[in-house]
Each structure stands twice: as structure tokens, then as C-alpha cells.
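Subject: Handing over the structure

Dear colleague,

Here is the structure that I promised to pass on to you. Please open it beside this email and follow the residues as you read.

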Amino acid sequence: MGLVERRQRQKEEVRNSILTAAWEQVLAEGWASLSIRKIADAIEYSVPVIYSHFASKDAILLEFTRQGFQRLIGQIKESALCEKEPAERLEGIAQTYWQFAFDNREYYQLMFGLGIPTCETANHIVEMRQFSEVITHTINQLIAGGPNADADVYLKVKTYWSILHGLVSIQMIDPTAATNKQNTAVLHDAVSGFVKALTH
């Protein structure tokens, strides 16, 4: 292995160790506790070394946000996009989204902790844009086949996403509010109502 390749591998190893230490910190203490100093102490490097890989703590958060959306879109492609009918696809996306949220709470809290991400944020994260595009394409197909062909697709996308995020947030804030089975039924009814409003 040449010198350039060795340096590149070492750089990647340090970057990965930074992310691993950051993630362990989040699992132990939550996102609010994350700090560059704690990461540096955990991997026994100086703070400037951390900054040579990530310009700020926000850059680390952005990387985890990207990873979260990468996981989410991967799961949606595996489980939901096999459905041919747009209405069934929206139902599948909703169920996968719900499952992802509770299987990956730390990721979800970062990805959606402040609500639905802004367009500016989406422009920086390819995976987030892909997630939005999957929903937009499916809703567009649903609108095209219904009586409201002139409906604002982007408004409908926000409505759909708000339904998903709202129901997940309620359950995360008060997990004793209802059983998972009951909430899944509520999710199904909400998505069915959304689809019906577009197609009737």
C-alpha cells in the first residue's frame, strides 16, 4: 500500500472513530449532550483533529441526519415501493415510516426533532430529497388518476408528511397514550382518509 492510500485509510479510520464516539455519546446521554470536547476525550485525540474532519458539531449532526434518511429510504424501497397502486404505496410508506421511527428513535429525533425539515436542509442531503421525491411521485400519480387533477401536489405532500410526523410525535411524547396496535390503526385510518380526499 502506497503512502497516499495509507494516509487516506488513516483519515477514514479517524473519521469513523469520531462518528462512533459521537453515536455512543448520543445513546448514553442524548443529542443535547453531544460535544466536540467529549468526542475528543473519548477517542483520545485533540479537539483540532476533530475539527479537521468536521467543521462543527452541526456537521456531525448533518452526517447522522444523512445516515438516518439513507436508512429510511432504503427500508421504504425494500418494503413499500413494490406496491403497484399509489394508494397502497402510500399506506406502505406510512407503515414503514412508523416502524422506522420506533426502531431508530435516536435517528428519528435528530431527523425530525424540529418538525419537517426545510427545503434548504433537504438540498444538502441527497437521501432526504430522495425520500421527499418518493412521496411526491406517489401522490402525483394518485392525483393524476383522481377527480382533482389540479390539486397542489406539494401542499398534499406536506399534508401527508405532517400526518405521519404528527402521529409518531404524539406516540413518542406519550407512549402510554395508546397501544402500538391502536396507533397503527389510527395511522391506517389517517392515510386512508388522505387518499379518499384525493380520489373522491
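Which residues do ring pairs link into a cluster? They are Phe 69, Tyr 97, Tyr 108, Phe 112, Phe 131 and Trp 161.

Before the details, a word on how to read the model. It is a predicted model, in which local features need pLDDT of at least 70 and side-chain atom pairs count only at pLDDT 80 or more, while totals for chains, interfaces and linings use all residues. Residues are numbered from 1 along each chain as its sequence is written, and side-chain values use heavy atoms, with hydrogens and water left out.

To begin with the rings, the structure holds 14 aromatic pairs, where rings of Phe, Tyr and Trp (its six-membered ring) pair if their centres lie within 6.5 Å, and planes under 30 degrees apart count as stacked, over 60 as edge-to-face and the rest as tilted. The pair of Phe 69 and Phe 112 is edge-to-face, because the ring centres are 5.4 Å apart and the planes stand at 65°. Since Phe 69 lies in helix α4 and Phe 112 in helix α6 (residues 105–112), this pair ties together parts that are 43 residues apart in sequence; helices here are DSSP runs of H or I with at least four residues, numbered from the N terminus. Both Phe 69 and Phe 112 are buried, a word that means under 20% relative accessible area, with exposed meaning over 50% and partly exposed in between (1.4 Å probe, protein chains only).

The rings of Tyr 97 and Tyr 108 have their centres 5.6 Å apart and their planes at 90°, so this pair is edge-to-face. Tyr 97 belongs to helix α5 and Tyr 108 to helix α6, so the pair ties together parts that are eleven residues apart in sequence. Tyr 97 is buried, with a relative accessible area of 1%, and Tyr 108 counts as buried at 2%.

Turning to how the helices pack, α4 (residues 57–79) and α5 (residues 86–103) meet at an angle of about 140°, with their axes 9 Å apart; the axes are lines fitted to C-alpha atoms, for helices over the stretch in contact, and angles run from 0 to 180 degrees between N-to-C directions. The two helices are therefore oblique to each other, since angles under 35 degrees count as roughly parallel, over 145 as roughly antiparallel, 65 to 115 as roughly perpendicular and the rest as oblique. On the α4 side the contact includes Gly 68 and Arg 71, and on the α5 side Tyr 97 and Phe 100, where contact means heavy atoms within 4.5 Å.

The axes of α6 and α9 (residues 153–173) come within 12 Å and cross at roughly 125°, and these helices are therefore oblique to each other too. In this contact Arg 105, Tyr 108 and Phe 112 of α6 meet Trp 161, His 165, Val 168 and Met 172 of α9.

Two further buried residues deserve a look. Thr 65 is placed in helix α4 and is buried, with a relative accessible area of 8%; leaving aside its neighbours within four places in sequence, Thr 65 is in contact with Leu 110, Met 111, Ile 125 and Met 128. Gln 25 sits in helix α1 (residues 3–29) and is buried, with a relative accessible area of 8%.
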